[in-house]
Amino acid sequence: MNINKKENIAAYIFLAPALILLGLFLVYPSLLAIYYSFTDYYLLTPNDINFVWLENFIAIFKDPIFIQSLKNIALFVVLVIPIQVGAALGLALLINKQRKGNIFFKVAYFSPVVLSLVVISVLWLYLLNPSEGLINNILVNVGIDPQPFLSSPTQAMVTIVFVSAWQGAGYQMLIFLAGLQNIPGEVYEAGKIDGVNKWQKFYYITLPLLKPTSILIMITTLISAFKLIIQPMVMTQGGPMNATMTPVYYIYQSGFSDRMIGYASAMTVIFGIIIGIVAIIQSRVSREDDN
Amino acid sequence: MKKLSVFIAMMCAVLVLTACGSGGNSSANDNEVVVWFHTSLETPEGEAMQNTIDRFNEAYEGEYVATAEFVPRSGSGGGYEDKVNAALTTGTLPDVLTLDGPNTAAYAESGIIAPVDEYLTNKDDLLPSIIEQGTYDDQMYAVGFSESGVGIFYNKQMFEEAGVDLDSLPTVDEPWDWNQFLELNETLHNEFDKPVIDMGFDDKSEWLMYAFTPFLWSQGGDVVSEDGTTAEGILNDENSVKAITFIQDMVKNGYSTITPVDKGFHTGEYAMKFGGSWTIAELEEYPDIEYGVMPYPTSPDTGELVSPSGSWQYAMSASSEKQEAAGALIDFMVSTESLSEMSLANSVLPASYSAIDEITDQVSDEMNVLIEQNAASAQARPLLPSYPQVSRIFQDTISDATYYEENSDIQALLDDKAAQIQSVLD
């Protein structure tokens, strides 16, 4: 009993730093956001906050830009997850073999993750420049018309998908790599004895054994994909014609440019609920697959 | 264990310290005022501000003392404004602060800043656009310390190549209308067979509001009604449609482009560019380009020259208990001497008539065109508490209009945007 009690106290002490930080920077702001979402909090009049109850929420559902941003982020998530996760898996398989120069490739694939998103976005702005950019120069040299990329309402989001996948894939690659190295060699040996070819080896051995890793990666990628803001902010400012406006970017603009903290908080609450629902569905689906 | 508890104690201490880190800015002395500037002391603008403060302290020695704090703003206006917003919440605003022109209405409406009319000794000397920008509900809340404007920069060599007679170009007294301007573009476009003017369409920011509203105003259109309550029937009336159509035609005819090459005018890619006093400063590094500046084109229906304007201003915080001293400081900072110093140091347009007289001999001909146009035709942007939203929707309007294939029906585009602005105003 005495020992137990002591251990409990020690446990709480160990937990304390994390709990304090989580409470301060996650729980408390979240509760505040829920509270503000029912008010008319205007950034310039912090001492005059009144309850407006559901007014913000009603206005949001009539806000064409917010609706547009939800469609945009849906398109982004649907495109970026297969591309980014697929690329990550491919890269992981490539560098999983023992080969000369592996470390170089590992660093090369991972380095975009370390760079700041702003730096990446500015870099790609130059690469994608319609008249002077490297990409269009290459396209012209192989006989393809130069593309508008970011200045085209139809291409802008797809371009951002590729930039984001390129930037993020290195991180998932590392996790996949850890997953790959956890697959015991005996399983492959057994497969070899049964005479499987390369494709069968991948499909029947590697992929199923990577499942727990994949589920983790899918959920984390999904949630971070929903938070897209820096790339459109730097590269397109949400344009052209709001084609790359994302919910988080719009929330930021409403809160800090337009100073409508109440309205922005209400959007945060709605968007938080949407992400929550999607995450729950996703984890349900992957668990059902398990059984 | 001991180490851990020390660590936790330190963490708590850090948290407590950061929570209370924002002490009050007011000092006990009634004659000591604190002023916040939105720029860095390292910039020419910051240096001019510090000089002005030093001169103030000298001139009012024994009476008032001013201390300056420099809070640089980041690219998109963060930094400084974040600090002001935080100070609002904690009630630690300085006695005097700077604010951007379009913020006047929101700050005045929210009771953050106090009227300064009674402290100004030279109000009649200020340019009308400065007074317009700082006035809300018939009271002057903020005083711009410089002006800004946009002119059409042109490359003399390229004009001559295309056979344009440089002596025939428009002046502030005799500006060209849109049709003449379109003809000029046609001539240049025929010669060079590529876009000939960089109008900054890629700059999806306040620029699109700032640089393109004068076209509406020249035609007699507007973004919102005079009293700031209505957009429907204003932004989508026939005058606004005409003005936006002119802007769209610039892109549709291939005269301008939505993806201009960076520094295209500076390197001889484009024959013309929309630019301001900052462009003159930039072009100092491109001595090969011989350029001139001409005024904005006007609506053929009215012939009225209207040009962009606006800048940062000084204002007094309403919570200041030292309004006498703060008022004296603001008055001092907008005196002829201070305004002239600011214009010369930062190469910006002067904000008062006497400052114009003071510096006109000391600046280039190109700068004088901008100064002259500004004094004759500058119009301030609308004063609205919900300015950020209204401006952003208008920026979208201009940006959308440049996509002429998707938005060939200007009336429909403007109906839609007017409805959006209306819902913000209601």
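Buried area is the accessible area (1.4 Å probe) that two parts lose on being put together, summed over both. Between chain A and chain B that area is about 2600 Å², with carbon and sulfur atoms giving 61%. This is a predicted model: local features need pLDDT of at least 70, side-chain atom pairs count only at pLDDT 80 or more, and totals for chains, interfaces and linings use all residues. Residues are numbered from 1 along each chain as its sequence is written, chains are lettered from A in the order in which they are written, and side-chain values use heavy atoms, leaving out hydrogens and water.

**Chain A against chain B**

- Contact (heavy atoms within 4.5 Å) links 32 residues of chain A with 32 residues of chain B.
- In chain A, Leu44(A), Met241(A) and Arg259(A) lose the most area to chain B, together 22% of what that side buries.
- The interface holds 1 salt bridge, a term for a side-chain nitrogen of Lys or Arg within 4 Å of a carboxyl oxygen of Asp or Glu.
- Arg392(B) and Asp258(A) form a salt bridge through their side chains, at 2.9 Å, N to O.
- On the chain A side, α1 (2-36), α3 (64-96) and α12 (247-257) each give two or more residues.
- α1(A) gives the most, with 6 residues.
- That side divides into 19 nonpolar, 10 polar and 3 charged residues. Here Ala, Val, Leu, Ile, Met, Phe, Trp, Tyr, Cys and Pro count as nonpolar, Asp, Glu, Lys and Arg as charged, and the others, Gly among them, as polar.

**The two domains of chain B**

- Domain 1 covers 29-148 + 310-377 and domain 2 covers 151-308 + 386-425; the bounds come from an automatic or database domain assignment.
- Their C-alpha centres lie 29 Å apart.
- 16 residues of domain 1 are in contact with 20 residues of domain 2.
- About 1400 Å² is buried between these domains, 60% of it from carbon and sulfur atoms.
- On the domain 1 side, Glu366(B), Gln373(B) and Ser377(B) lose the most area to domain 2, together 38% of what that side buries.
- The count between the two domains is 0 salt bridges.
- The domain 1 side that touches domain 2 has 7 nonpolar, 7 polar and 2 charged residues.

**Aromatic pairs**

- The whole structure has 36 aromatic pairs over all chains. Rings of Phe, Tyr and Trp (its six-membered ring) pair if their centres lie within 6.5 Å; planes under 30 degrees apart count as stacked, over 60 as edge-to-face and the rest as tilted.
- Trp178(B) and Phe215(B) make a tilted pair, 6.3 Å centre to centre with 55° between the planes.
- Trp178(B) lies in helix α7 (residues 178-192) of chain B and Phe215(B) in helix α8 (residues 206-219) of chain B, so the pair ties together parts 37 residues apart in sequence. Helices are DSSP runs (H or I, at least four residues), numbered from the N terminus.
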